[in-house]
Amino acid sequence: MALVEVFVATGPDGPDGGPAAVVVAHVGDDVVVRLEDRSGSTGYQWWVVDASDLLAPRGDRVAPHRPDRNGGTGEATEDGEDVPAPVGAPGEHLFTYRAVGAGEGVLSFALRRAWEPDPVATVAVRVVVS
């Protein structure tokens, strides 16, 4: 069992109109799709539109953007401690799945407000599980 991660920046799908990213995993692997979330406290959030039956959802959460990958803003205090991102700052929405079947499928996501039906962005991720 392994952890497979993919980061997808907000924007249009791939150059040919296809998926913005491809995830390759094995049955039993955990798959984490990290979507860039620049909306901060604007009310926009990522929603799952379509999920492949090859993947079982294990949860989702929003995490602060971590450009230094150590948990802060990339800046440091005089003591060398990371400076935490401010409340409402852009971040990442992480969707975690467990690969439960072999084959190919697509995960689709939409960035929208809960009270508005039309998304401002969509992202598709192609999934290949062996």
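Strands (E, at least two residues) and helices (H or I, at least four) are DSSP runs, numbered from the N terminus. This is a predicted model, where local features need pLDDT of at least 70 and side-chain atom pairs count only at pLDDT 80 or more, while totals for chains, interfaces and linings use all residues. Residues are numbered from 1 along each chain as its sequence is written, and side-chain values use heavy atoms, with hydrogens and water left out.

**Whole chain**

Show the protein chain as a cartoon. You will find eight strands and zero helices. Trace the chain along its sequence, and the pattern reads β-β-β-β-β-β-β-β. Of its 130 residues, 35% count as buried, meaning under 20% relative accessible area; exposed is over 50% and partly exposed lies in between (1.4 Å probe, protein chains only). Now turn to contacts, which are heavy atoms within 4.5 Å. Among contacts in the protein chain with a separation of 6 or more, 76% come from residues 24 or more positions apart.

**Strand β6**

Select Gly91, in strand β6. Is Gly91 buried or exposed? Gly91 is buried, because its relative accessible area is 8%.

Step on to Glu92. This residue also belongs to strand β6, which covers residues 91-99. Glu92 counts as buried because its relative accessibility is 5%. Which side chain does the side chain of Glu92 touch in a polar contact? Show Arg34: its side chain makes that contact at 3.2 Å. A polar contact is a pair of N or O atoms within 3.5 Å; within protein, one must be able to donate a hydrogen and the other to accept it, and residues adjacent in sequence count only if both atoms are side-chain atoms.

**The aromatic pair**

Select Phe95 and Phe109. The structure holds one aromatic pair. The ring centres of Phe95 and Phe109 are 4.8 Å apart and the planes meet at 40°, so the pair is tilted. The pair links distant parts of the chain, with Phe95 in strand β6 and Phe109 in strand β7 (residues 103-113), 14 residues apart. Rings of Phe, Tyr and Trp (its six-membered ring) pair if their centres lie within 6.5 Å; planes under 30 degrees apart count as stacked, over 60 as edge-to-face and the rest as tilted. Both Phe95 and Phe109 are buried.

**The open sheet**

Colour β2, β8, β7 and β4. These four strands form an open sheet in the order β2-β8-β7-β4, with mixed pairing. Its edge strands are β2 (21-25) and β4 (44-50), each pairing on one side only. Two strands pair if DSSP finds at least two bridges between them.

Zoom in on β7 and β8. Strand β8 spans residues 121-129, runs antiparallel to β7 and is joined to β7 by nine bridges. Select Gly103, whose bridge partner in β8 is Val129. Then pick Leu107, opposite Val125 in β8.

Move across to β2. How many bridges join β2 to β8? There are five, and these strands run parallel. Click Val24 to find its bridge partner in β8, Val128.

**Last stop**

Select Arg112 and Trp47. Arg112 lies over the face of Trp47, at 4.6 Å from the ring centre. A charge sits over a ring if NZ of Lys or CZ of Arg is within 6 Å of the ring centre and within 35 degrees of the ring normal.
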